[in-house]
Amino acid sequence: MGVPFEAFVSQLTQQQVSLLADTVQYFADAPKLLSIPDEQGNRVAVPILPETMGSLLAAFSDGMEAKKLTFGFRWEDDGGDGTGTLVIALPNGSELRQPTVLSQFSPV
């Protein structure tokens, strides 16, 4: 199946992440590829689950509603069969790893 997206960086506010988390939660029973803006403003379709979005939201402290934090997104392929790992670099330097089966996600 190949790489679903090239690695990119996104600067997001707490409000943006909260809205994205609400969208992902709404589609929890039928996961969708979530459009996340890259640094150039292009939308990148990312297979992301509600638990992962919750972890992104937890990167923000109280009072950070308007502050932008930088998140890095990349895909690690498990052999071309549509499985892999979504890897998200958090602002604190740690990484989230979400095992993913691409066939479980559809475009919005």
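I looked up the largest nonpolar core first: of its 25 residues, Val46, Met53, Leu56, Phe71, Phe73 and Ile88 touch the most other members. I took a nonpolar core as a set of buried Ala, Val, Leu, Ile, Met, Phe, Trp, Tyr and Cys residues joined through side-chain atoms within 4.5 Å. At least two residues of this core come from each of β1, α1, β2 (33–37), β3 (43–47), α2, β4 and β5. Helices (H or I, at least four residues) and strands (E, at least two) are DSSP runs, numbered from the N terminus.

I note that the model is predicted: local features need pLDDT of at least 70, side-chain atom pairs count only at pLDDT 80 or more, and totals for chains, interfaces and linings use all residues. Residues are numbered from 1 along each chain as its sequence is written, and side-chain values use heavy atoms, with hydrogens and water left out.

I then listed the contacts (heavy atoms within 4.5 Å) of Met53. Not counting residues up to four places away in sequence, Met53 touches Val17, Leu20, Ala21, Val24, Leu34 and Ile48.

**Sheet and helices**

I traced an open sheet of 4 strands in the order β1-β4-β5-β6, with antiparallel pairing; two strands pair if DSSP finds at least two bridges between them. β1 (8–13) and β6 (95–101) stand at the edges with a single partner strand each, so one side of each is left without a neighbour in the sheet. On average, neighbouring strands are turned by 25° against each other, direction ignored. Axes are lines fitted to C-alpha atoms, for helices over the stretch in contact, and angles run from 0 to 180 degrees between N-to-C directions.

I found 6 bridges in the antiparallel pairing of β4 (residues 68–77) with β5 (residues 83–89). Arg74 has Val87 in β5 as its bridge partner.

Helix α1 (residues 14–26) packs on the sheet and touches β1 and β4, its direction making about 100° with that of β1. Helix α2 (residues 50–57) lies across β4, β5 and β6 and runs at about 165° to β6.

I located Asn92 in the loop between β5 and β6. Asn92 is exposed, with a relative accessible area of 63%; buried means under 20%, exposed over 50%, and partly exposed in between (1.4 Å probe, protein chains only). Asn92 lies 33 residues from Ala59 in sequence and 7.9 Å from it in space, C-alpha to C-alpha.

I placed Pro107 in the segment after β6. Pro107 is exposed, at a relative accessible area of 61%. Leaving aside neighbours within four places in sequence, Pro107 is in contact with Lys32 and Leu33.
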